[in-house]
Amino acid sequence: MPRGKPPPPQQAIHSRLSFLHQASSLLSTSPTTAGLSRYYTSHLLSVSKKSVQRLSTPVKHTLCKRCSSILVPAITSTTTIENKSKNGRKRWADVVVVECRYCGKTKRFPTVDREEVKAKKEKKTITTTTTTSTTTANATTTTMREEVDGDAAMTGT
Ligand SMILES: [Zn+2]
């Protein structure tokens, strides 16, 4: 019996996707092979779609949706930080804008991590529930209901 982790269920497809991404990344650095790189990327996207294998978020962030070229900073893409708040006062409004140099399509990513913000919100709600639980049990149940309603409103259900 082999030792170590068992292979993922679709090992062959995973390896193929990995190879296509690596090959495309390598070929994108030279202007003579940029076309082949884009071909590999579009092949990568079609294989992931047909096999119903989701690409990881970091991989998706390096692909241009319009022309399927790999977005390598300073080589095939231009990265800038934009803040549209009044005089750039709100630091959390910083947005990373990645522009594809081939087709001009832009991608925007918030610099503030959403998971981090969620964790902070959860911490706040936990502290509020602990303070209300010391007063009465009824107050705690009402705050819990409010939280559930708030979550339902955020998901749109
Ligand atoms: Zn593009």
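## Overall make-up

Of the 157 residues in the chain, 13% are buried (20 or more other C-beta atoms within 10 Å of the residue's own; exposed means 12 or fewer, partly exposed anything in between, with C-beta atoms placed from the backbone). The model is predicted: local features need pLDDT of at least 70, side-chain atom pairs count only at pLDDT 80 or more, and totals for chains, interfaces and linings use all residues. Residues are numbered from 1 along each chain as its sequence is written.

The chain contains five helices and three strands, taken as DSSP runs numbered from the N terminus (helices H or I, at least four residues; strands E, at least two). Their order from the N terminus is α-α-α-β-β-β-α-α. Among contacts with a separation of 6 or more, 43% join residues 24 or more positions apart; a contact is a pair of C-beta atoms, placed from the backbone, within 7 Å.

## Helix H1

Helix H1 covers residues 11–27, 17 residues in total. The distance from its first C-alpha to its last is 24 Å, close to the 24 Å expected at 1.5 Å a residue, where the expected span is 1.5 Å times one less than the number of residues. Its buried residues are Leu17, Leu20, His21 and Ser24. Viewed down the axis of H1, these buried residues fall within an arc of 95°, so they line one face of the helix; the arc is that of the directions from the helix axis to the C-beta atoms. An α-helix has 3.6 residues a turn, so residues three or four places apart point the same way.

Helix H2 (34–50) and helix H3 (57–61) are included in what covers the buried residues of H1. The face of H1 turned away from the buried side carries the exposed residues Gln11, Ala12, Ser15, Ser18, Phe19 and Gln22.

In the segment before H1 lies Gln10, which is partly exposed, with 13 other C-beta atoms within 10 Å. Leaving out residues up to four places away in sequence, Gln10 touches Ser51 and Gln53. Gln10 and Ser51 are 41 residues apart in sequence, and their C-alpha atoms are 9.0 Å apart in space.

## Nonpolar core

The largest nonpolar core consists of five residues: Leu63, Cys64, Ile70, Leu71 and Cys100. Such a core is a set of buried Ala, Val, Leu, Ile, Met, Phe, Trp, Tyr and Cys residues joined through C-beta atoms within 7 Å. Apart from its neighbours within four places in sequence, Cys100 is in contact with Cys64, Arg66, Cys67, Ser69, Leu71, Ser77 and Lys105.

## Strand S2

Strand S2 spans residues 94–100 and includes Val95. Val95 is partly exposed, with 14 other C-beta atoms within 10 Å. Not counting residues up to four places away in sequence, Val95 touches Glu82, Arg108, Phe109, Pro110 and Thr111. Val95 and Asn83 are twelve residues apart in sequence, with a C-alpha to C-alpha distance of 6.2 Å.

## Positive phi angles in loops

Val52 is not a glycine, yet its phi is positive, at about 55°. Val52 belongs to the loop between H2 and H3 and counts as exposed, with 8 C-beta neighbours inside 10 Å.

Ala74 also has a positive phi, near 70°, in a residue other than glycine. Ala74 sits in the loop between H3 and strand S1 (77–83). With 8 C-beta neighbours inside 10 Å, Ala74 counts as exposed.

Terms used: Two residues are in contact if their C-beta atoms, placed from the backbone, lie within 7 Å.
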